[in-house]
Amino acid sequence: MAAETVFTTDRLRRARHAVAAVFCVHGAVTGSFATRIPWIQEHAGVSAGQLGLALAFPAIGASLAMPLAGAISHRFGARNALRGLLALWTLSLTLPSLAPNIYGLCAALLVYGATAGMSDVAMNALGVETENRLDRSIMSGLHGMWSAGALLGSAAGTLAAHLGGDARLHHLIAALALTALGLISCQGVLDLHSAPEEEAPPRFALPPKSALVIGAIGFCGVFAEGASLDWSAVYLKDELGTSAGLAAASTTAFALTMALARLVGDRVVDRFGAVRTVRVGGLAATLGGLLVVFAPHAVLAMAGFGLIGLGVAVVVPLAFAAAGRSGPNPSQAIAGVATITYTSGLVAPSAIGGIADASSLVVSFGLVTLLTFGLVLGAGVLRPGARTTAGAAEAEAAQGVR
């Protein structure tokens, strides 16, 4: 990805803190948007079905635009690319609340998703580069900072909604503040540039085969995460007859479990390794899924959802880290893994609902349990220093043409 540059330990530590702040800003945008969806729905005059359709457009926009991130970073350098893409993302927060109808909302969310995806790839690529130079795991903590930012953005959005604030004004203020914070944070990240002889990555390309293998692990983790976040409250309320308040609390507890596990995940990965961490996490998530499926009352089900969150928390950060080491073009591989995980996040809620309509939510979470066990079986592809056969072939081919 970048010409080799030697950085001091202090410089790398400052870069780590800076990229962590970038992750926090990125997450805060998501949290700020999510809490005002009801206001946006009412302002645009869309039905629940139309809103469901519109909410698919961020994932579509991200999937289409993420392959561009590598080419942008190659041309402008990692720091400048991140600075520009992050600013586009934070400013795009203002668009959905301005949408007057379903068509405007779909267009706004397409742009919102595209800028989210490109900045996501750019910051993860820089995170992987920083991790490689520090020679210690930091990706779990970075994603933990994203979760913390999402919680902070959600808290501010909840307060704004409680006060009856206009989402257009709320999002304008939030966008300006987060843009300023993002630009300040980007000043401290590593300023990496491609080597002069390095060929520019294609603007659009299919994910490399190595990314598909690693992405399959990410798919399993994100599917379980998305299913639990979106359906845990419904599961407790409909299947176990809990109150709406207790059901909602289970979702909040799940999100907090994910965030805390990610914040401490790097220490676990450094001590036990990526493969063992994901395998044990997969076992914990599988046990959690079994508790959910067979729970006779709410307490066990909530414990099960907590175990799922704990078990899958570090999967995506480690998948991005493995992608960054899997071939000659880290940004392209990360974009491939990100595309697969975004697709999983898009598919999971509707798939769970479709299976539930055909049978029950219990059967839906039986599928989730099977996918979490897939983490146990496939964790070996995340081994540091070990590349998939496809990734090794790609690297050798790249070296042969240089």
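Which side chain meets that of Arg133 in a salt bridge? I found that the partner is Glu129, at 2.6 Å from N to O.

**Basis of the entries**

I worked on a predicted model, in which local features need pLDDT of at least 70 and side-chain atom pairs count only at pLDDT 80 or more, while totals for chains, interfaces and linings use all residues. Residues are numbered from 1 along each chain as its sequence is written, and side-chain values use heavy atoms, with hydrogens and water left out.

**Entry 1: salt bridges**

I took a salt bridge to be a side-chain nitrogen of Lys or Arg within 4 Å of a carboxyl oxygen of Asp or Glu. By this rule I counted four salt bridges. I returned to Arg133 and Glu129 and noted that about one helical turn separates them, because they are four residues apart in helix α7. Helices here are DSSP runs of H or I with at least four residues, numbered from the N terminus. Both Arg133 and Glu129 are buried; buried means under 20% relative accessible area, exposed over 50%, and partly exposed in between, with a 1.4 Å probe and protein chains only.

I next looked up Arg168, which forms a salt bridge with Asp166, the closest N and O atoms being 2.7 Å apart. Arg168 has a relative accessible area of 35%, so I recorded Arg168 as partly exposed. Asp166 is at 29% relative accessibility and therefore also counts as partly exposed.

I then examined Arg262, whose salt bridge is with Glu225, at 3.6 Å between the closest N and O atoms. This pair links distant parts of the chain: Arg262 is in helix α11 (residues 244-272) and Glu225 is in helix α10, 37 residues apart. Arg262 counts as buried because its relative accessibility is 5%. Glu225, at 16%, counts as buried as well.

**Entry 2: aromatic pairs**

I paired rings of Phe, Tyr and Trp (its six-membered ring) if their centres lie within 6.5 Å; planes under 30 degrees apart count as stacked, over 60 as edge-to-face and the rest as tilted. The count comes to six aromatic pairs. One of them is Trp89 with Tyr112, a tilted pair with 4.7 Å centre to centre and 50° between the planes. Trp89 belongs to helix α6 (residues 78-92) and Tyr112 to helix α7 (residues 102-134), 23 residues apart. I noted both Trp89 and Tyr112 as buried.

Why is the pair of Tyr235 and Phe365 edge-to-face? The planes of these rings stand at 80°, with the centres 5.4 Å apart, so the pair falls in that class. Tyr235 lies in helix α10 (residues 209-240) and Phe365 in helix α16 (residues 361-378), 130 residues apart. Tyr235 is buried at 2% relative accessibility, and Phe365 is buried at 1%. I also recorded that Phe33, Trp89 and Tyr112 form one aromatic cluster.

**Entry 3: His26**

I located His26 in helix α1 (residues 9-34). Its relative accessible area is 2%, so I listed His26 as buried. The side chain of His26 makes a polar contact (N or O atoms within 3.5 Å; within protein, one able to donate a hydrogen and the other to accept it, and residues adjacent in sequence counting only if both atoms are side-chain atoms) with the side chain of Ser119, at 3.1 Å. A polar atom of the His26 side chain also lies 3.3 Å from the backbone oxygen of Ala116. Leaving aside neighbours within four places in sequence, I found His26 in contact (heavy atoms within 4.5 Å) with Leu86, Trp89, Ala116, Ser119, Asp120, Met123 and Trp146.

Conventions
Helices (H or I, at least four residues) and strands (E, at least two) are DSSP runs, numbered from the N terminus.
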